[in-house]
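Here is a short briefing on a predicted model. Please look over the sequence and structure first; the notes then go topic by topic.

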Amino acid sequence: MAVARISIVTASLNQAAYLLEALESVRCQRSLDVEHLVFDGGSTDGSVDLLRSLDWPHLRWQSGPDKGQSDALNKGFLAASGDIVGWLNSDDRYRASCFAHVLEAFRQHPEVDVFYGDYTVIDQHGKFLKIRQETGFSPFILTYHHVLVIPTPSTFFRRRIFDEGNFLRTDLHYAMDYEFFLRLSAKRYKMQRLPALLADFRVHPQSKSETSAHRQAAEKEQAMLEHSFLGRQPFPTPVLKLLLLVVQSVAGCMRWSWKFVGGAYFRSFVYRLGARR
């Protein structure tokens, strides 16, 4: 069987402080066939100069105004030529052997449409903060848990996801990934956890999760209600809030118990000890 081609799509705007690390994390993968598509929204911080200076045959980029991150990513998904497509934010990075794990997983499981793996959380300087290991896929936990259990930096899609017309909603700017996964789940695309450490997710003062947490939460609730049976019922607001509290608590308990029984917390503890030595 021929080795699949991997396309990585990155949307970027004024992330020069981290962009090179993201680019290098793709270039250093041991994959025979990879392309990296960068759609820059018109950065003014030196990002364009950096991209212009890199004469890498697998790297294609363009810079100019767009309608936001979702619009830029959709352009990349449309332009991608790979059999497998990854979504890497410009301030995150892949870990060594990420692509090898992903290629093997898709080769062994032709029925799976989306693989998502484990990841570490790092700070603005690249210092390790914690490791996040998820559970097997559950539509209920995906919908109602307050943490997005499918992390974009360690998620990869089969090309057919986009060939069949599935793209991000451009009216969403903070929870577009969550809404996208809800839609894929509703359409019965098969999602599966890949038990391997694939990426580093960076938190820093300028990240959306830090500067716009309340907007992100509002968009997430909006998307959840649009896709949940609760949002389609004529419940009075107090009743709806109570029901949401109940199902969100159940989702949290399910995720915690599954991770505990599966040993995720113990493995995270051991990894944390090793990382800090």
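Leu242, Leu245, Val246 and Val250 make a nonpolar surface patch of about 350 Å². One of them, valine 246, is found in helix α10, residues 237–261.

**Surface patch**
- Valine 246 has a relative accessible area of 44%.

**Salt bridges across the chain**
- The whole structure holds 19 salt bridges.
- Glutamate 21 pairs with arginine 202, and their closest N and O atoms are 3.2 Å apart. This pair links distant parts of the chain: glutamate 21 sits in helix α1 (residues 16–27) and arginine 202 in strand β9 (residues 191–202), 181 residues apart.
- The two partners differ in cover. Glutamate 21 is partly exposed at 30% relative accessible area, whereas arginine 202 is buried at 1%. Arginine 202 counts as buried because its value falls under 20%.
- Arginine 169 and glutamate 226 form another salt bridge, at 2.7 Å from N to O. This pair also links distant parts of the chain, 57 residues apart. Arginine 169 lies in the loop between α6 (160–163) and α7 (176–186), and glutamate 226 lies in helix α9 (residues 213–227).
- Glutamate 226 is partly exposed, with 38% relative accessibility.
- Salt bridges with shared partners join Glu21, Arg93, Arg95, Asp200 and Arg202 into one network.

- Aspartate 49 and arginine 52 meet through their side chains in a salt bridge of 3.2 Å, N to O.
- Both residues belong to helix α2 (residues 47–53). They are three residues apart, about one turn of the helix.
- Aspartate 49 and arginine 52 are both exposed.

**Nonpolar cores**
- The largest nonpolar core has 39 residues. Within it, Phe77, Phe157, Ile161, Phe180, Phe181 and Leu184 touch the most other members.
- Helix α7 gives the most to this core, with six residues.
- Which residues does phenylalanine 181 touch, not counting those up to four places away in sequence? They are Leu142, Leu148, Ile150, Thr152, Thr155, Phe157 and Met191.
- Another core, of 24 residues, lies apart from the largest one. Its members include Ala105, Tyr119, Val121 and Phe156.

Definitions and conventions. Residues are numbered from 1 along each chain as its sequence is written. This is a predicted model: local features need pLDDT of at least 70, side-chain atom pairs count only at pLDDT 80 or more; totals for chains, interfaces and linings use all residues. Side-chain values use heavy atoms; hydrogens and water are left out. Patches are made of residues with over 30% relative accessible area and no salt bridge: like charges are joined within 9 Å, nonpolar side chains (Val, Leu, Ile, Met, Phe, Trp, Tyr) within 5 Å. Accessible areas come from the Shrake-Rupley method with a 1.4 Å probe; for residues, only the protein chains shown count as cover. A salt bridge is a side-chain nitrogen of Lys or Arg within 4 Å of a carboxyl oxygen of Asp or Glu. Helices (H or I, at least four residues) and strands (E, at least two) are DSSP runs, numbered from the N terminus. Buried means under 20% relative accessible area, exposed over 50%, partly exposed in between (1.4 Å probe, protein chains only). A nonpolar core is a set of buried Ala, Val, Leu, Ile, Met, Phe, Trp, Tyr and Cys residues joined through side-chain atoms within 4.5 Å. Contact means heavy atoms within 4.5 Å.
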